[in-house]
Amino acid sequence: MKSLFISTLLLVGLSGFSQEHFTGLTSSNRLGIISASNNPAELVNMSKTFEISFFGISANAANDKIGFSDLFSDNFEEQIFEGNKSVNLAIDAEIFGPSFAMKYKGWGFGLTTKIKGKLDVVDVDPTLGDGLINSGINSLFGANTISNNNNQRFNGTTWGEIGLTAARTIYNDETHKVSVGATFKLLFPGSYANLGLDKFNGTITNNLGNVELTNTTANLNITYSGSLADSFSNFSDYTKSAVGSLNGFSGDIGVNYQWKDDNDTKANNNYKVNFGASVRNIGSMTFKDKDNQSTNYNLNIQGAQSLNLNQFQNVDSLEEIEDILLSSGYLTATDGTKDFKVNLPTTLSLYADVKLIQALYVSGYLQQRMKENSGNDQISAQNMITLTPRFYTGIFEVYAPFSNSEISGFNTGIGFRVGGFYLGSGSIVTALINDSKQADVYLGFRYGFL
């Protein structure tokens with residue numbers, strides 16, 4: 001189980017990680033394609049007629065237990081399951097591939113490509129996690145009784161997207177401008193794995209390294225697809241299955257309002273206030289593969305019965321975990337399916353960018369998930385709020401986002417843009433000063449012309 005956990009981290013590591021992608025950058029009035037990924041209505045606000053995004057990478061790892069210095073340490077999987085607090089871990093990846101956008105007579109059109117990857121540990125009891133991942137290494141002896149009515153999840157997902165965006169200015173005068181937009185996305189599911197333990201009640205006993213589970217009831221979901229059905233320890237399997245065949249659709253919708261600045265022109269896109277609202281990732285994708293499996297089980301261990309957790313120490317896949325549990329005789333299937341649907345992390349985003357004085361702006365951003373993270377068929381999302389002061393001169397800007405998320409808490413970082421190149425982090429300042437519970441970075445290059 002430890003190799004499964006570590007290798008799942010490597011899966012997301014192949015493409016980077018983030019919660020609010022490109023933190024602090026999406027409010028810039030010079031980033032058409034990047035801003036449109038947050039709100040499709042922003043596409044008509046590009047400062048140039050045409051824009052090409054050559055690449056963009058956004059990467060974040062956040063948790064609620066350990067600091068930045070321990071996130072990538074050799075004994076990370078041991079430290080994160082220490083103590084009594086439930087474990088929440090979110091690693092979220094996005095590669096922005098070659099993309100193109102243009103404006104034409106009040107319209108904006110865009111074509112984007114992305115690869116995404118996510119790993120989530122949701123509300124996992126540390127004693128249970130330590131028993132499964134580390135064979136109870138954090139305690140030498142003793143018994144611990146666990147009663148948790150939540151659905152504790154280990155979940156990993158990879159998929160690709162091709163987005164088609166259209167935006168339209170519906171009102172425009174010397175002072176005000178209102179635009180709407182929508183993005184239709186083709187989804188290419190790659191790999192999926194989920195281990196859900198709902199309403200878990202049981203006792204874990206560690207007798208000098210001999211770890212056993214007794215007096216236990218739980219509802220289990222074991223789901224896997226793609227290369228994650230076969231192995232978690234072969235890194236090459238992750239790269240070849242990050243993107244699969246077309247098998248899903250999703251969409252974003254948004255609205256944008258600008259209170260124009262007195263010296264606004266078509267080229268510089270100046271404003272006093274830029275406000276936007278969007279709902280993103282409305283949709284789902286279906287995983288279809290010869291090795292697919294999604295099964296719900298009842299786990300029941302009673303009386304003198306016990307399950308040896310040490311046998312999970314070196315397993316490579318959820319299929320192996322499933323086989324061990326079935327051979328124990330304590331697992332009973334209730335229902336299952338070969339192909340299964342997974343819901344995207346639908347979120348509501350609200351933001352406002354306000355010009356304080358010449359070249360100085362401040363923006364606020366709110367992200368609220370619209371679905372709970374507890375569902376076994378649900379890709380997770382975080383609630384968060386960000387405040388970003390920004391110094392902007394056209395070709396150059398520098399900004400410092402201050403964020404608070406429900407998993408890692410408060411973080412602050414810094415970023416800059418010179419022409420089409422951008423580089424930043426939403427947590428580098430707190431990571432260096434206060435050993436924050438988040439680590440993230442993003443960079444990319446785009447070019448606008450005419």
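1. Helices (H or I, at least four residues) and strands (E, at least two) are DSSP runs, numbered from the N terminus. The model discussed here is predicted, so that local features need pLDDT of at least 70 and side-chain atom pairs count only at pLDDT 80 or more, while totals for chains, interfaces and linings use all residues. Residues are numbered from 1 along each chain as its sequence is written, and side-chain values use heavy atoms, with hydrogens and water left out.

2. Phe445 is found in strand S22, and Phe445 is partly exposed, with a relative accessible area of 31% (buried means under 20%, exposed over 50%, partly exposed in between, with a 1.4 Å probe and protein chains only).

3. Phe445 belongs to a nonpolar patch on the surface, together with Phe54, Phe55, Ile57, Phe421, Leu423, Val441, Leu443 and Tyr447, and the patch has about 700 Å² of accessible area. Patch residues have over 30% relative accessible area and no salt bridge, and nonpolar side chains (Val, Leu, Ile, Met, Phe, Trp, Tyr) are joined within 5 Å; a salt bridge is a side-chain nitrogen of Lys or Arg within 4 Å of a carboxyl oxygen of Asp or Glu. Accessible areas come from the Shrake-Rupley method with a 1.4 Å probe. Strand S22 gives the most to this patch, with four residues.

Terms used: Patch = residues over 30% accessible without salt bridge, like charges linked within 9 Å, V, L, I, M, F, W, Y side chains within 5 Å.
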